[in-house]
Amino acid sequence: MWMSLEKDIEMMVESLNLKLYDILTTSENDETIYRVNITSKEGGVSMDNIVDATKLISPLLDVTPPISGDYRLEVSSPG
């Protein structure tokens, strides 16, 4: 099931002409973070790209939670 979710996220990111770099679940300050890292196929990733990707991914995770319990979605670019 998780692989299907990752594939769905990848397709959403690619629909914005971006590329999925990786997905990581981590814990910081007693908070679970589901981090989706994206890159650009050409040039850098803008804040608008991050916002657009977040708006696409968030509703999917509302329907298909990536992990059990509370978590925070964080979309960012590596580096």
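**Entry 1: the layout**

I began with the elements and found two helices and three strands in the protein chain. I took helices (H or I, at least four residues) and strands (E, at least two) as DSSP runs, numbered from the N terminus. From the N terminus on, I read the order as α-β-β-α-β.

A note to myself on the ground rules: this is a predicted model, where local features need pLDDT of at least 70, side-chain atom pairs count only at pLDDT 80 or more, and totals for chains, interfaces and linings use all residues. Residues are numbered from 1 along each chain as its sequence is written, and side-chain values use heavy atoms, with hydrogens and water left out.

**Entry 2: overall dimensions**

I looked up the radius of gyration, taken over C-alpha atoms, and the globule rule of 2.2 Å times the number of residues to the power 0.38. The protein chain has 12 Å, which agrees with the value near 12 Å that a compact globule of 79 residues would have. Along the principal axes, the C-alpha atoms fill a box of roughly 35 × 25 × 20 Å.

Next came the surface, with accessible areas from the Shrake-Rupley method with a 1.4 Å probe, where for residues only the protein chains shown count as cover. I noted about 5,000 Å² of accessible surface for the protein chain, with 49% of it belonging to carbon and sulfur atoms. For burial I used relative accessible area: buried means under 20%, exposed over 50%, and partly exposed in between (1.4 Å probe, protein chains only). On that scale, 28% of the 79 residues count as buried.

I also checked contacts, meaning heavy atoms within 4.5 Å. Among contacts with a separation of 6 or more, 54% are between residues 24 or more positions apart.

**Entry 3: the strands**

How do E1 and E2 run relative to each other, parallel or antiparallel? Strand E1 (residues 18-28) and E2 run antiparallel, and 10 bridges join them. I counted two strands as paired if DSSP finds at least two bridges between them. E1 and E2 make a hairpin with two residues between them, and Asn 29 in the turn has a positive phi of about 50°. Ser 27 stands opposite Thr 32 in E2.

On the E3 side, E2 and E3 pair in the parallel sense over five bridges. The chain gets from E2 to E3 through helix H2 (residues 47-63), and this β-α-β crossover is right-handed. Here right-handed means that, with the strands pointing away from the viewer, the path from the first strand over the helix to the second runs clockwise. Across this pair, Val 36 stands opposite Val 75 in E3, and the bridge partner of Arg 35 in E3 is Glu 74. E2 is mostly covered, with seven of its 10 residues buried.

I looked at Ser 76, which lies in strand E3. Ser 76 is buried, with a relative accessible area of 18%. Leaving out residues up to four places away in sequence, Ser 76 touches Arg 35, Val 36, Asn 37, Ile 38 and Ile 50.

Ser 46 has its place in the loop between E2 and H2. Ser 46 counts as partly exposed, at 33% relative accessibility.

**Entry 4: salt bridges**

How many salt bridges does the rule give? I used a side-chain nitrogen of Lys or Arg within 4 Å of a carboxyl oxygen of Asp or Glu, and the count comes to five.

One of them joins Lys 7 and Glu 10, at 3.3 Å from N to O. Both residues lie in helix H1 (residues 2-15), three residues apart, about one turn of the helix. Lys 7 is partly exposed at 47%, and Glu 10 is partly exposed at 22%.

Another is between Arg 35 and Glu 74, whose closest N and O atoms are 2.5 Å apart. Arg 35 lies in strand E2 (residues 31-40) and Glu 74 in strand E3 (residues 72-76), so this pair ties together parts that are 39 residues apart in sequence. Arg 35 counts as buried at 15% relative accessibility.

Glu 74 also meets Arg 72 in a salt bridge (3.3 Å, N to O), and Arg 72 counts as partly exposed at 33%. Through shared partners, salt bridges join Glu 28, Glu 31, Arg 35, Arg 72 and Glu 74 into one network.
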